[in-house]
Amino acid sequence: MKKVLSLILCAVMFASALAGCTTLEKTETGDYDKGAIIDMYFTTEVYDLDPQRSIIDDAQLKIMSQIYEGLTRLDENGKWKKAGMKSYKIDKDKDGEFVILVTLNYNRWSDGRTVQAADYVYSWKRILEPDNACEASSLLYEVKNARAIKEGDRTIDDLGVAAVDTYTLEIQFEQKVDLDRFFETTSSIALVPLREDVITRYRTNDGVDQWATKGTFIVTNGPFSPKEMVGGSVLRLERSSYYYTNPDKEEVPDKFVIPYRLLTKYETGNAEAQLMALTSGNLFYNGELPLSARAQYASSATVTDMMATHTYVFNTTNPLFEKPEVRRALSMAIDRNQIVNIVTFAKPATGYIPYRVFDSIPGTSFRDAGGALISSSADTAGAKSLLQSAGVTSGSFTLTVRNNEVDMAIADYVAGVWNDLGFNVTVEAVKGTVNAEDNLITNDNFQKLYDNGSFDVIGIDMTMLAPDAFNALSQFAVSYSGNGVDMDSETYDLYGHITGYSNPDYDSIIESAFAEKDRAARATILHEAENKLLSDMPVIPLVFLQDAYIYTDVLSGIKSDYYATRNFKKTQLKDYMTYKAKTESIDEAAAEAEVAG
């Protein structure tokens with residue numbers, strides 16, 4: 001067991017019947033095997049893979065990065081690269097507006113249909129529908145009419161995005177934009193294309209989208225596709241047979257994606273059991289080390305800063321939390337260094353925006369430029385004094401978190417701190433469930449509580465949707481929250497942030513940031529916004545998350561992107577047929593034992 005420092009060169013076999021080369025091995029019949037099955041503990045359980053909704057859990061991002069692909073991607077240095085986009089050119093329409101034409105690369109969905117410009121149009125319109133709450137909305141507000149549509153002032157058909165032909169996407173903007181920043185934004189998981197026919201097909205009579213909660217429903221355009229997703233049991237991703245393959249050419253199956261299957265068996269047991277399986281040679285990759293072993297592997301694991309902040313979100317409509325002094329006091333009482341000691345792979349949150357987010361130019365850190373806005377250490381005396389001045393020294397409330405080891409450990413520590421302040425805090429750990437009527441459909445109960453605002457305080461992974469601070473900060477301004485319009489109100493009022501937080505001064509700062517197109521000046525305004533946000537404290541940033549993984553030396557070719565998610569496209573498992581035979585033998589023995597029993 002060790003951290004791999006160099007790639008293992010694979011033997012290249014030439015196929016007489018197929019053009020090019022392959023890493024696949026031959027079976028006894030002379031045919032080519034499908035490829036390696038890599039048993040791994042990828043991450044904690046996930047229950048929903050909708051890229052426009054599942055953005056408050058870092059585990060979901062790790063999975064979605066394997067199965068979806070947008071116009072662009074960010075490499076490990078934060079540079080945007082073409083992905084679904086083949087090329088673009090700047091155009092001008094008859095009104096002189098700023099327009100670009102994007103030509104798509106030839107790619108196919110996991111069901112064989114080509115990825116088309118219309119799929120991007122549908123996906124982006126879905127984000128901006130006034131009755132669809134989506135925190136990613138402001139990512140698109142530079143597109144013509146996008147904001148007016150979200151506020152109910154224009155129809156969705158007025159959006160400046162159109163498929164001018166099958167593989168050409170036209171994007172009109174309100175004014176000239178910084179295209180580098182725009183293409184950095186299109187690397188967001190929220191802006192990947194989606195299939196309207198698939199989403200519509202699996203929508204229930206009461207309007208609930210189920211397409212992203214069952215592996216066999218989901219159609220994806222990335223290198224892997226979910227084939228099985230059962231909460232508490234298994235997550236099975238398989239190579240998409242159609243990913244960039246050309247039907248007019250005879251190509252080897254692993255030309256673009258080498259592994260055949262990435263397999264996580266949750267039934268193997270908890271995180272400790274998964275680690276034991278790796279050290280005993282039955283797993284090859286572990287992306288979620290148990291807390292009990294993190295200190296041991298801290299120096300040998302591959303560790304990368306994520307663009308995510310583990311954050312506690314207040315329901316400010318709860319009278320207990322309506323005063324910012326109370327919220328600040330609860331934050332002051334927390335020793336973030338202690339949380340880092342618990343989690344190991346994290347840094348104290350000294351602000352809301354994590355380190356890898358860009359400041360004035362790509363490569364500069366928004367956090368470094370903004371400095372520490374929150375103390376890493378606790379100030380219990382200051383917290384008690386602030387609570388006293390606010391006239392709130394006690395009360396009962398629930399802290400809601402996902403039912404995973406890390407979130408629960410953080411919650412137990414924080415609840416203890418707040419109990420010592422005089423509050424009565426109950427920790428509620430929410431677990432996803434499997435639909436009783438169809439045991440392959442999963443339910444993300446935590447996401448539902450968050451979406452409905454059914455919480456007092458809730459712990460989320462605030463995941464940056466782009467390497468720019470604007471979207472994360474603008475969500476707290478009413479016009480940028482993405483939560484849409486109250487269509488039942490006489491004046492079509494906008495819904496604000498899920499916290500219930502609203503401050504006209506903050507809204508004004510965000511408006512200024514949106515209007516400012518100079519990148520350096522805009523960054524200065526966004527720092528002002530972050531300062532104001534943390535003064536009002538509708539959320540408590542706790543720690544900046546890090547991704548850590550270990551793997552055995554029979555694996556090679558694991559890469560990562562700027563979001564700290566894995567790229568397994570070229571990952572190889574040495575002598576994989578040996579492991580496959582071993583697995584098949586174990587499965588046969590288990591089946592025989594079950595029959596005999």
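**Salt bridges and a buried serine in the predicted model**

D57 is buried, with a relative accessible area of 4%, where buried denotes under 20% relative accessible area, exposed over 50% and partly exposed the range in between (1.4 Å probe, protein chains only). The structure is a predicted model, for which local features require pLDDT of at least 70 and side-chain atom pairs are counted only at pLDDT 80 or more, while totals for chains, interfaces and linings use all residues. Residues are numbered from 1 along each chain as its sequence is written, and side-chain values rest on heavy atoms, with hydrogens and water left out.

The partner of D57 in a salt bridge is R402, with the closest N and O atoms 3.5 Å apart; a salt bridge is taken as a side-chain nitrogen of Lys or Arg within 4 Å of a carboxyl oxygen of Asp or Glu. This pair links distant parts of the chain, 345 residues apart, since D57 is placed in the loop between strand 3 (37-41) and helix 1 (58-67), and R402 in strand 16 (residues 395-402). Helices (H or I, at least four residues) and strands (E, at least two) are DSSP runs numbered from the N terminus. R402 also counts as buried, at 9% relative accessibility.

A search of the whole structure finds 34 salt bridges. Among them, R519 and D178 meet through their side chains at 3.7 Å, N to O. Because R519 lies in helix 16 (residues 519-536) and D178 in the loop between strand 9 (168-172) and helix 4 (179-185), the pair ties together parts that are 341 residues apart in sequence. Of these two residues, R519 counts as buried at 14% relative accessibility, whereas D178 is partly exposed, with a relative accessible area of 26%.

A further salt bridge joins E238 to R236, the closest N and O atoms being 2.6 Å apart. E238 is buried at 9% relative accessibility, and R236 is likewise buried, with a relative accessible area of 19%.

S137 is situated in the loop between helix 2 (117-128) and helix 3 (146-150), and counts as buried at 0% relative accessibility. A polar atom of the S137 side chain lies 3.4 Å from the backbone oxygen of I127. With neighbours within four places in sequence left aside, S137 is in contact (heavy atoms within 4.5 Å) with I127, L128, K150 and G482.

Conventions: Polar contact = N/O pair within 3.5 Å; in protein donor to acceptor, adjacent residues only side chain to side chain.
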